Amino acid sequence: MRVLNRTAGRLSRHRRGPLAGLVVLLLGLLISGSLYTALAPAQADSQASETEQVAQGKELFLASCAFCHGKNGEGMPTVREGYQIGPSLVGVGAAAVDFQVGTGRMPMASPGAQAPRKPVVFSQEEIDALAAYVASLGPGPAVPNESDYSIEGLSETEREEAISRGGQIFLTNCTACHNFNGNGGAMPRGGYAPSLHGVEGKYIFEALLTGPQNMPNFSNGNLSPDEKRDVIAYLGSIQDTPEYAGFSLGGLGPVSEGLFAWVLGIGGLVGAAVWIASHTTRSKKSKVSA
Amino acid sequence: MSTDSRLDTSKVATSNRTDAATASKPGPGASLATWADDRLGLATAMKKNLRKVFPDHWSFMLGEIALWSFVVLLLTGVFLTLWFNPSMGHVTYEGSYDQLRGIGMSESMASTLNISFDVRGGLLMRQMHHWAAMIFIASMMVHLLRVAFTGAYRKPRELNWVIGCILLLLGTLEGFTGYSLPDDLLSGTGVRAADGFLKATPVAGTYMSFLLFGGEFPGESIIPRLYIVHVLLIPGILLALIAAHMLLLVYHKHTQWPGPGRTEQNVVGYPMLPVYAAKAGGFFFMVFGVIALMGGLMSINPVWKFGPYDPTKVTAGSQPDWYMGWPDGLLRIMPSHMETVLFGYTISWNVLIPILLVPPLMLTVLILLPFLEGWVTGDKRDHHLLQRPRNAPTRTAVMVALMTFYGLAWAAGGNDIIAIKLHASINQITYFMRVAIFLGPLLAFWITRRWCISLQRHDNEKLLHGYETGIITRSPEGQYAERHLPINPKAAYTLTARDRDEVFTGAGDTDAAGVAAPNSRSERLRARLSRWMYSHNVQKPTAAELEEAHHHAEHEAELTAGLDHPVDGHQFDDHRLRDTDDVPLRDH
């Protein structure tokens, strides 16, 4: 406070100086100018580029997506009840596009029980354009920022708490389909909950937000962004920690354990029995001459 | 020795010593043995048993895997009890595993995590204990199959078969009580399922559940109760029954494969000391080694990933351990709508049939197999020579049908894992299994029986016409034929060392005076079963048939003199081995 007062006092001494008016004028111009540069032209610029982006996205959409989702993303109605070719994309938001196209699920190679994860066909720039176009169809969840799904900014204790809290949320909400280790599980009629290993935090966040395919939608109302972040942190932690117990055998639970008990355990031990029984004490060894 | 045969001087001392001869001082081992023998009478007991002869065959060692893995279970189990705390008291975990620190859980879960992460060697012991349990029950099953397929369960071993079946049941229950103890998410789900099964029992269900859990599920009593059952009650009975099983084995003497010199009255093999003591001892270390390797290298039941049990949670891939998998499979393929409402009470056939009716029924069928067979054949003789599976086609086929049923139900228990790994629809797997569980065993029965009968025919071919030499001859008429050579007498003896099956035709419904015979109804059933079981079998050739076939072969040998050797390359096959004098068929 005293420093401020002193500075203010020193300034105050010069306020009636000959150059004071000029300095204030220049300062004013500088501040308002830089503020304008920082804010106003940028808006004008992004406005222009967003329109461009939407237009680019629309072009891509017409070429790659419209066949199933309709020329305006309105979806493809079918005669058969419950049989969906391409759902309406109005209101699904940029997050849904970023997830589906960013993980290679869309565009689909062929219709089927579920769109599988496969190599991504669009560049991130094109995906952003598609997302911008679909977002323009109706309000929906936006692509999350990195700070939404990363625990980088937290302290060590906060991180640990986030991870153990995330584990409990994961076991309550996710393991029923995705398995305790995030290795995935079966869904009815050929569907499946995919493995979560090696999936980027952004995509898990988006999947939670938009509920792709068989997955329920975990809106920010029922699973807050922080809770989503914690789940992602937990998944990261179980991938980062070493397998304490040895080979995980697929991390699928007792079925794969039983398979290994029979094949390696009983298989190996029966082999040992054959070996022991075939090496026997003989009074004379028969010679087999060729 | 003196040449004079009337006077035996061999016992007369030839020494000129004046002091009495004394035995030299025995070594420390011998004196210890004498000390023990003077007090315990070991020599008398051991004299016979150390010389006890056991026949040599790899399939006779399958039960040993079970025995040795049980020893590993006892050793590792004792280690685990030193740290495990079977309590459902609530604590907050503060151990080494980061992801669960600060989470509330039962003391049993916390102590399991403590064993896994903070006790030196604890995780290895836990995993060895669990792998040993899986192998214990699996080896009991393969041992059971060997006994059934070779007819070793016939008189006098029926009761030992019953003991074995009870051991299998107890082993399964022991496994269930064991993997329920950590109180993690997976085991809690299993206990919850068991609670549901109990409650599916009509009338008594809820009472039984309340009795077991000491109130409504989960209560606070189940873990301590399962613990005492797991560490005291069942292991005690298991130990007693294993002792009885092995005492009966010693009393009956081990069965053996038929062959020259092997009869129903003897056992051909090697003595306990030194051969079998070394073999069995060595095998113990191999079983121990395999289990230690598995425990050290392969993750089993990673409870820290499941987290503590909480009724609101569940995980995909919630299966029981493999030996409980087949009732789970039946439950999974059972149509869910099968329920009857009777006076306002629901009878859940969809749980009752796959869990409470079929498994006890299967166990009963298994226990009764030797008795049923004995009743149909009417065979009251002792059997110490084994049968090759092909020589009892119906029995072999029945066992394969039972295995098929078990295998299909077992696979159905892993339907979700099969679905994701084979990219199939879980619904279609379920529909397939619903049909296959009925058709599969029938098909397996039919194929196995025809297969066995074909193999019997093949044996007869070998006996009558010899084995295929690989030499193709062309007759002057241009006809091609493969030359056969007779098998050696030992192999022929072994192939014919079996009884002819007798089909029981029944004593007739009425006697000569037209009076209905007593028990004619059960006798008729017995006759029908006997016809069904034995009338298709191929019997071994008679002496006259063999004679004629050999005569024919000799005649043919004269015509093709110089060709009575197998084609080049046959020196190394087993016919050549069987021709050597000292290696009889199935010696090892």
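Okay, let's start with a question: is B:Trp304 buried or exposed? B:Trp304 counts as buried, because its relative accessibility is 3%. Keep that tryptophan in mind. Before going on, remember that what's on the screen is a predicted model.

So, aromatics. Searching the whole structure gives 29 aromatic pairs over all chains. One of the pairs is A:Tyr244 with B:Tyr97, which is edge-to-face, since the ring centres are 6.1 Å apart and the planes sit at 75°. Where are these two? A:Tyr244 is in the loop between α11 and α12 (254–278) of chain A, and B:Tyr97 is in the loop between β2 (90–92) and β3 (104–106) of chain B, so this pair joins two chains. In terms of accessibility, A:Tyr244 counts as partly exposed, at 37%, whereas B:Tyr97 is buried at 2%.

And here our tryptophan comes back. A:Tyr244 also forms an edge-to-face pair with B:Trp304, 6.5 Å centre to centre and with 80° between the planes.

Now the charges. Over all chains the count is 21 salt bridges. Take B:Asp56 and B:Lys279, whose closest N and O atoms are 3.2 Å apart. This pair links distant parts of the chain: B:Asp56 is in the loop between β1 (53–54) and α3 (62–81), B:Lys279 is in helix α10 (residues 272–297), and they are 223 residues apart. Buried or exposed, B:Asp56? B:Asp56 is buried, with a relative accessible area of 10%, and B:Lys279 counts as buried at 8%.

Over in chain A, salt bridges with shared partners join A:Arg165, A:Asp226, A:Arg229 and A:Asp230 into one network. Within it, A:Asp226 and A:Arg229 come to 3.5 Å between their closest N and O atoms. Both are in helix α11 (residues 225–240) of chain A, three residues apart, about one turn of the helix. Why does that spacing work? An α-helix has 3.6 residues a turn, so residues three or four places apart point the same way. A:Asp226 counts as partly exposed, because its relative accessibility is 45%, while A:Arg229 is buried at 11%. A:Arg229 also meets A:Asp230 in a salt bridge, 3.2 Å from N to O, and A:Asp230 is buried as well.

On to the cavities. How many of 30 Å³ or more does the whole structure have? The search finds five.

One last stop: helix α17 (residues 489–496) of chain B. Its buried residues are B:Ala491, B:Ala492, B:Thr494, B:Leu495 and B:Thr496. B:Asn488 caps the N-terminal end, with a side-chain oxygen 2.8 Å from the backbone nitrogen of B:Lys490.

Terms used: Residues are numbered from 1 along each chain as its sequence is written. Chains are lettered from A and ligands numbered from 1 in the order in which they are written. This is a predicted model: local features need pLDDT of at least 70, side-chain atom pairs count only at pLDDT 80 or more; totals for chains, interfaces and linings use all residues. Side-chain values use heavy atoms; hydrogens and water are left out. On a 1 Å grid over the protein atoms alone, a cavity is a set of points where a 1.4 Å probe fits but cannot get out, and a pocket is an open set with protein on both sides within 12 Å along at least five of seven lines; lining residues have an atom within 4 Å of a point. Grid points are joined across faces, edges and corners, and a volume is the space filled by probe spheres set on the points. Buried means under 20% relative accessible area, exposed over 50%, partly exposed in between (1.4 Å probe, protein chains only). Helices (H or I, at least four residues) and strands (E, at least two) are DSSP runs, numbered from the N terminus. A polar contact is a pair of N or O atoms within 3.5 Å; within protein, one must be able to donate a hydrogen and the other to accept it, and residues adjacent in sequence count only if both atoms are side-chain atoms. A salt bridge is a side-chain nitrogen of Lys or Arg within 4 Å of a carboxyl oxygen of Asp or Glu. Rings of Phe, Tyr and Trp (its six-membered ring) pair if their centres lie within 6.5 Å; planes under 30 degrees apart count as stacked, over 60 as edge-to-face and the rest as tilted.
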